[in-house]
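Notebook open, model loaded. I want to go through helix packing, then the sheet, then the aromatic rings.

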Amino acid sequence: MLRSIHIEQFGILKDVTIGPTSEEIQAALQRKEKISGGLSALSCFIGRNGTGKSAFLGSISFIRDALLYGLPHASSSGQRGGFARLRTRQLPLYEGEIWSLESRIPRTFPENSRAAAEGSSEKKNMVFDFIYERRPEQFLHYHISMNGDKHSRPFIYEETVRLLSSEGEKELLSVREGKGHVSSERFGNDEVQLLDEKVPALSLFGRMLQYKELCWLYLQLTSSFVCRPAEMPDKGLLAKEKGGHKHLNERMDNLRNVLNYREKEDPKAYEQLLSRILDQVPDYKKVGDAFLDQGISSGNLRLFALLLLLEDPRTLICIDEPDNGLYHDMIEALMQATRHYILEQKDAQIFLTTHNSSVLEALSPEEVWAFERRNDGRIHVRSLAQDEIVRQMYKEGINMGMLWYGGHLGVN
């Protein structure tokens, strides 16, 4: 389970930490204390527009793509626009730019701007730290830093994997500028030199079964699913490609393909699946079989797709504004299904972003994180479990949605 993330120089996120640091975790392990304050099975991120919530989810998919396809592809795929656009700049940056990664800034810059310095050697590294809890009292810390050359072509500067436990720290992988070592119980330490500094070392050694911890970590990082239902086409049931698809894609526009696959694989299970999903749709009796003949509203279609997504277990599902376009009883149905999912699926996680207080009604302070922009323009993230007033009011029976609507969460 992902417990902590640290990000530097990624778009609007100049220096952000969500959850405990590796030093805090290691100190707690040695004192035999419980690790607290980290990301939970269900985590919801709130805050005003332009505070980096979508950028945070985008960083997860960016590292996943870097591991799967290499850093150049990850930097330019979709609408990310290349490594230079991903890097933190001194000019104003908007949240929507991080998700779609389309530049809203003119192509001509003052001489003293960040863009004018792109060719210098003073550019700071883009840094990511992911800390996973593999089992009780054992954590894996993945660190990767990257930069760009004078042409903004990205390369990996440093990459490490450390095992944290009550017995101390152990370095499993350490590579800097293409040279380093990798460790395993069977083979000990091996010196390594990589041919291509644009491909993460973990993407190589994480596919070799002799490196068990690295394989587990690689699978955790590469199996995340990040989607934004608001960008789902209204005709998502219309297949763009023929044939069945086993999984929904992140555009969520292959619903018909997934349904066709499920029906052909097991017709009986398919009927049970449809019944299970449609029973959770509040106004299904008014909609009926329109789910299957295209006569469905975009809100119903979106809810159907999200409920179908929760029928396909993954280690981490990230949904940007799942409530967008949903009526309040649909949001309630979705949150009930989300809670059921994380209770049923061991070690599974769901991350949500929202601007809707209804989403928070069934959440605890430990499950809610607030993104805020400070006076200096930096983004700060805090757990609402750290707010004593919020905790006390929650204990008194006031749910998080009411606290947010009443202005008690400090993010209005």
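Started with helices H8 and H11. I looked up how H8 (residues 255-265) sits against H11 (residues 298-309) in this predicted model: they pack at about 45°, and their axes are 11 Å apart. An angle between 35 and 65 degrees is neither roughly parallel nor roughly perpendicular, so H8 counts as oblique to H11. I also checked the hand of the crossing, and for H8 and H11 it is left-handed.

Next I wanted the residues at that contact. On the H8 side I noted Leu 255, Val 258 and Leu 259. They meet Leu 301, Phe 304, Ala 305 and Leu 308 of H11.

Then the sheet. I traced 8 strands in an open sheet, paired antiparallel, and wrote the order down as S2-S1-S4-S5-S6-S7-S8-S9. Which strands stand at the edges? Those are S2 (13-18) and S9 (188-193); each has a single partner strand, so one side of each lacks a neighbour in the sheet. From one strand to the next I get an average twist of 20°.

I zoomed in on the S9 end. Strand S8 (residues 179-184) runs antiparallel to S9, and 6 bridges join the two.

Helix H7 (residues 212-222) touches S4, S5, S6, S7 and S8, and its direction makes about 115° with that of S4. Helix H1 (residues 22-30) lies across S4 (126-135), S5 (138-148), S6 (154-165) and S7 (168-176), running at about 15° to S6.

Last, the aromatics. My search of the whole structure turned up 10 aromatic pairs. For Phe 10 and Phe 128 the ring centres are 5.6 Å apart and the planes stand at 65°, so I logged the pair as edge-to-face. This pair links distant parts of the chain, with Phe 10 in strand S1 (residues 2-10) and Phe 128 in S4, 118 residues apart. Are these two buried or exposed? Both Phe 10 and Phe 128 are buried.

I logged Phe 205 and Tyr 211 as another edge-to-face pair, at 5.6 Å centre to centre with 85° between the planes. Phe 205 and Tyr 211 are both buried too.

Technical notes. Residues numbered from 1 in each chain as written. Predicted model: local features only at pLDDT ≥ 70, side-chain atom pairs only at ≥ 80, totals over all residues. Heavy atoms only, no water. Pairing = 2+ DSSP bridges. Helix = DSSP H or I, 4+ residues; strand = E, 2+ residues; numbered from the N terminus. Axes fitted to C-alpha atoms, helices over the stretch in contact; angles between N-to-C directions. Contact = heavy atoms within 4.5 Å. Phe/Tyr/Trp six-rings, centres within 6.5 Å; stacked < 30°, edge-to-face > 60°. Buried < 20%, exposed > 50% of the residue type's maximum accessible area, 1.4 Å probe, protein only. Parallel < 35°, antiparallel > 145°, perpendicular 65-115°, else oblique. Left-handed = near helix turned anticlockwise from the far one by under 90°.
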